[in-house]
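I plan to look up its disulfides and then one of its helices.

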Amino acid sequence: MTLMRVLSRKAMQAGSSAPCKIWATGFLCGVCIMFLSGVALPPLRVPQSRSVDPPLRRAILWNFTLTEHDGVAVTGESASAQEKIEERKRDNHATEARILQLYSAWSSMLNTASDEVLKSSDVPWPPHLDDCKLNVERNKRFDSYGENRTFPHWTLWKGSLGLELLNQKYSENANQYRQYPPWILGSDEENYPLTRRVQRDIWIHQHPPNCSDPSLRFLVADWERLPGFGIGAQLAGMAGLLAIAIKEKRILVTNYYNRADHNGCHGASRSSWSCYFFVETSSDCRKRAFQLMQIKASWAEGSVKVKENYTSKQIWAGRIPRMWGEPWKYLQPTTEINGRLITSHRKMDRRWWIAQATRYLMRFPTEYMCGLLNVARHSAFGLEAAKLVLESIQNDSLKVGTTRTKSDIERLVWSDHQPYIPRPVVSMHVRMGDKACEMSVVGFEEYMKLAGNLRRRFPSLKNIWLSTEMQASKRAAWCKW
């Protein structure tokens, strides 16, 4: 109202004529109406289409709108995402702690207790470990004649299933030449040609039903013990001696083994192959061979011979048994030299025979060897096995109720299940430098190039089992690509 008085006073001073007064009064009334309308009503805004805004202004307005709108949303999502990240970290830490806890529990029992303690505990059974005691008990029955000199229970029914459920009458009347050696795994296509038949025939040759038969003859041989001979050379030499024994219809009996001459091998297994693997023949035949060695007439009659009766050429480059024909001719070629696949070479027969002899000599590990393998697997991928077990049980506790009675499937069929190994895996053995006296040696980089070629072809290959006989480095290591 003060503004109205001021304006009225100014209008009265502008002129005293009637027309002027009327015009001034009307003008002032209009101003008052506009003023009152502006205070009482919201300002009028003319709606404008986006198309009327210049392009730059539309972009600025659009960006501002998005930024302003999304700013609140992004801030909320960020907070939520951050909470999820923190929660995931806590879960990961808890999971890692449980994995370490389970791994440590396995480690302590593996180092200080027997398989029986593992079975009786509330800790889940480790899938990468073998039941050594059970395996040895079962394999002893597979590696010896039954009552009344019946042939062992060799069938397609593996493990405890073949021992407990197999019809005894069927086993007694079965033709031994149709049996399947239980230490051969996989199909025939996955093994060297005639592997099952050769392994069965070697076992029958090395395990006569009656070792007191005066017609039996023996070949007693020490393992190679020269400093430059590694386990590979020792096996190759013994393969040659086994070939001689089979051709001469002798029973091979191995004697002193320098790599078993240590405190880890106890009793009769000290300095013997039997520290690590089942012996090549029965204990009765070994005893008979050593008895004949004490009799001079046995030497004169040729009932017993030793390694020194043969030349190095006979042992290392002698003719291998031909009783199975020439199955090495059907070997799938796997040798590559400078990018060229070698389909045939003059050592194919010896490669096939050394593989057969080695497989027989290493057919069943002893309890001591089984324990060594358990320790090696646990050290290599025990943490990975623990993670898999925890993911499978999905329980906050390590206890899984081991007091539950096992079903027949678990007790019988699954008893022959092989221990867990992450697959696929490439096994790589790096030779010692002294191999240079026989061939050109290459550096470790060349080994890794070959492994890289494999991985390019098989991208899922992420594991390497790296082994070496060098004392200065670890004998074996599990590597992740």
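Entry 1. I start with the link of C265 and C275, which is left-handed, with -85 degrees about the S-S bond. Both cysteines lie in the loop between β2 (251-254) and α10, so the pair ties together parts that are 10 residues apart in sequence. The S to S distance for C265 and C275 is 2.0 Å. I note that the model is predicted, and that these are computed values.

Entry 2. Are C265 and C275 buried or exposed? I looked up both. C265 is buried at a relative accessible area of 2%, and C275 is buried at 3%.

Entry 3. How many disulfides does a search of the whole structure find? I get 3. A disulfide is a covalent bond between the sulfur atoms of two cysteines. Counting the bonded cysteines along the chain, I write the pattern down as 1-6, 2-5, 3-4.

Entry 4. I turn to C132 and C370, which a disulfide joins with S to S 2.1 Å. C132 sits in helix α5 (residues 132-142) and C370 in helix α14 (residues 367-393), so this pair ties together parts 238 residues apart in sequence. The link of C132 and C370 is left-handed, with -80 degrees about the S-S bond. I find C132 buried, with a relative accessible area of 4%. C370 also counts as buried, at 5% relative accessibility.

Entry 5. Next I looked up the disulfide between C211 and C285, where S to S is 1.9 Å. The pair links distant parts of the chain, 74 residues apart: C211 is in the loop between α8 and β1 (218-221), and C285 is in helix α10 (residues 283-293). I read -80 degrees about the S-S bond for C211 and C285, a left-handed link. C211 is buried at 7% relative accessibility, and C285 is buried at 0%.

Entry 6. I move to helix α13 (residues 348-361) and check its length. At 1.5 Å a residue, its 14 residues should span 20 Å, and the end C-alpha atoms are 20 Å apart, which agrees.

Entry 7. How many of the 14 residues of α13 are buried? I count 10, so I log the helix as mostly covered, taking buried to mean under 20% relative accessible area. Among the buried residues of α13 are W352, W353, Y360 and L361. The list also includes M348, D349 and R350.

Entry 8. What do the buried residues of α13 pack against? I find α8 (195-206), α9 (231-247) and α12 (312-317).

Notes. Residues are numbered from 1 along each chain as its sequence is written. This is a predicted model: local features need pLDDT of at least 70, side-chain atom pairs count only at pLDDT 80 or more; totals for chains, interfaces and linings use all residues. Side-chain values use heavy atoms; hydrogens and water are left out. Helices (H or I, at least four residues) and strands (E, at least two) are DSSP runs, numbered from the N terminus. The expected span of a helix is 1.5 Å times one less than its number of residues. Buried means under 20% relative accessible area, exposed over 50%, partly exposed in between (1.4 Å probe, protein chains only). Contact means heavy atoms within 4.5 Å. A disulfide is a pair of cysteine sulfur atoms within 2.5 Å.
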